[in-house]
Amino acid sequence: MIRLSKRSVSTLLRSGNQSFRIAAAASTSRSSPSATDVKRSDTESRWYSSLTNGQSKNSGSFAQLNMKTNWFMGYRNESSAAASDSSSQAPPPAEKFEYQAEVSRLMDLIVNSLYSNKEVFLRELISNASDALDKLRYLSVTNPELSKDAPDLDIRIYADKENGIITLTDSGIGMTRQELVDCLGTIAQSGTAKFMKALKDSKDAGGDNNLIGQFGVGFYSAFLVADRVIVSTKSPKSDKQYVWEGEANSSSFTIQEDTDPQSLIPRGTRITLHLKQEAKNFADPERIQKLVKNYSQFVSFPIYTWQEKGYTKEVEVEDDPTETKKDDQDDQTEKKKKTKKVVERYWDWELTNETQPIWLRNPKEVTTAEYNEFYRKAFNEYLDPLASSHFTTEGEVEFRSILYVPPVSPSGKDDIVNQKTKNIRLYVKRVFISDDFDGELFPRYLSFVKGVVDSHDLPLNVSREILQESRIVRIMKKRLVRKAFDMILGISLSENREDYEKFWDNFGKHLKLGCIEDRENHKRIAPLLRFFSSQSENDMISLDEYVENMKPEQKAIYFIASDSITSAKNAPFLEKMLEKGLEVLYLVEPIDEVAVQSLKAYKEKDFVDISKEDLDLGDKNEEKEAAVKKEFGQTCDWIKKRLGDKVASVQISNRLSSSPCVLVSGKFGWSANMERLMKAQSTGDTISLDYMKGRRVFEINPDHSIIKNINAAYNSNPNDEDAMRAIDLMYDAALVSSGFTPDNPAELGGKIYEMMDVALSGKWSSPEVQPQQQQMAHSHDAETFEAEVVEPVEVDGKK
């Protein structure tokens, strides 16, 4: 192997109008080639360039090898007189052709609409090269002569950073002159499409022909970064090699026969891109390697890129004269030579892509460790996933996929509304297309699911518009969602309950969002939901567990929405239900109430909010209700008249046992929790809020002493001011205890202080004041005695 410095390679691979400096290359050669290597003929040479296959001892032998095997670069190098004579012949004149489409408009379409990212040019060209190799492999089965000139099937990419040139070479089927005119002269003409149609029409066609190229529009993506493109191609069906050349924004192209011996190739296609000034950063070898790994990592043929490498060796170090003075007493001691380690740089081909992707393997042959390793590597994770699903769908739409459930949600990204994630990587026939989706492949509530999807039915040049409108994508989305739910259900049914608890802590909100957005999958989402309840305040339960624990006479699933478990379990709405042993779900997250209302029912059991009117607990006694209504009916009307528009009505409650009253929402109104959430919205609808306030219902407990006293006040003196104040205070207290927010908290506080002052007056007075107060009290309480009139008595003549 010849190891060349970067500078030497630049000299070696210089463009045709500059000379080839043998001395620069010869000075860097490290070993001599064998005689067999030097004498090999063109047809027997391997599919490698002289930079890796041949090794030179002197300039002459190197030049000889360079002429024979340096075809992949396509540069004309003057290495000998013979070469000069052979290349001095005038090449055939170039023929000029007009494109069969309005190029200027189509180029503008390609640059501005069809491809939003310039990086895809390399993906498209590699796909075309893989397509050509696939065609050759298929045709060689019946005609081995097609591949005899170059048995190796690979793709090689060379990036010349200094000159801004990228060269991509494949050893595929190549093109004849007419194929050049047809495929590259008519824009959007796909040679692959014609080939596949021929295979389909052929009776002998069969098997999976994984042809991914679109050698038409895909090829013209090269003009995203290049202002000049040269295509040299040699088909085994033709004895001649032809060169196609076109420029950006030109309405014509040229085709001519290539007669330069140094640029001839045994078979295949070499594409040379002369990059635009603003795109020359693409000629960086490291960036080329990165793009290959990102977009074409799983192409079935090996892809080599020209990379700088290095190896470490030890070299001698000359002694410093100041340190060479030593004692001459021990002359027998042998001096050790000083050495140091240095890194010597050289350039060589490096295999950039990997072998067969994991999703194309049989799931039975892939271990859990391999799935986990692929997950960590593909998505840059350090923890193993909670679950994975590897499947293949066939029939109307064919694709392969591996899906994963991450162990934790992304740090600092708890925004479930943001559906733009890079968790799903879409491949078309093993070529990476994109990972930037907006809900096309997965709904946003499942955006946490990660994985790869490899389709055989989508076109390679997929755009956002194609994804949105494609019927194939809609079918794929349904099947992917179904598989994702099966995977999550598997976690919930696992013997290790902690796995699903971990999943729910991280992604429970996403499933609740799915209840709101995806009505078609309610039956798949509902079994996965978890809630706290009045009988399970520490551990969440599923809806299946709730239904199993229901009373025989229970007809509904009861719930109450609040901001915490503590406030939910102390709400007055639960009093009668707890007495009857009915379980109530606690919805303590903001999204819970909307999610449950979207479900409406589960297993034919309706969801019922116990904080709303018309609550039916199944224990109605019509005779008792009629008697109570007769006794308290007028009192209810009296209370409604006092409260006015604050409530829609005043009714007898069947849900209270210890509280005197409660304020419930209308059947179609907002609950206290929903009203609190609507108020918190930055753009809250005040009109709707005022309307919903008027839908509240004031329920009273006829068995409570306060309500009995209010009823007595109505019967004795309906206009009593103290009774009116008591009704107002009772309403405000019910407002707070039911979870609503009073409009005037200060006024409520004043009423409470007034009642406290009356109740506590003189109850805990200080000891110094107490005797005086007691004396004053006694003076007021003393009995009144009648005074006795006594007549004066005369004594010694005096009265």
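Strands are DSSP runs of at least two residues, numbered from the N terminus. In this predicted model, the loop between β19 and β20 contains E604. The phi of E604 is near 65°, a positive value in a residue other than glycine. E604 is exposed because its relative accessible area of 79% lies over the 50% cut-off.

In general, the strands of a sheet pair through backbone hydrogen bonds, in either a parallel or an antiparallel manner. Between β19 and β20 (residues 605–609) the arrangement is antiparallel, and two bridges join them. Within this pair, A601 stands opposite D606 of β20.

A positive phi also occurs at R430, which is not a glycine and has a value of about 75°. R430 is located in the loop that links β12 (424–428) and β13 (431–434). With a relative accessible area of 12%, R430 counts as buried because this value is under 20%.

Helix α13 (residues 471–492) supplies four residues, the largest share of the patch. R482 is placed in helix α13. The relative accessibility of R482 is 40%, so this residue is classed as partly exposed.

Technical notes
Residues numbered from 1 in each chain as written. Predicted model: local features only at pLDDT ≥ 70, side-chain atom pairs only at ≥ 80, totals over all residues. Heavy atoms only, no water. Buried < 20%, exposed > 50% of the residue type's maximum accessible area, 1.4 Å probe, protein only. Pairing = 2+ DSSP bridges.
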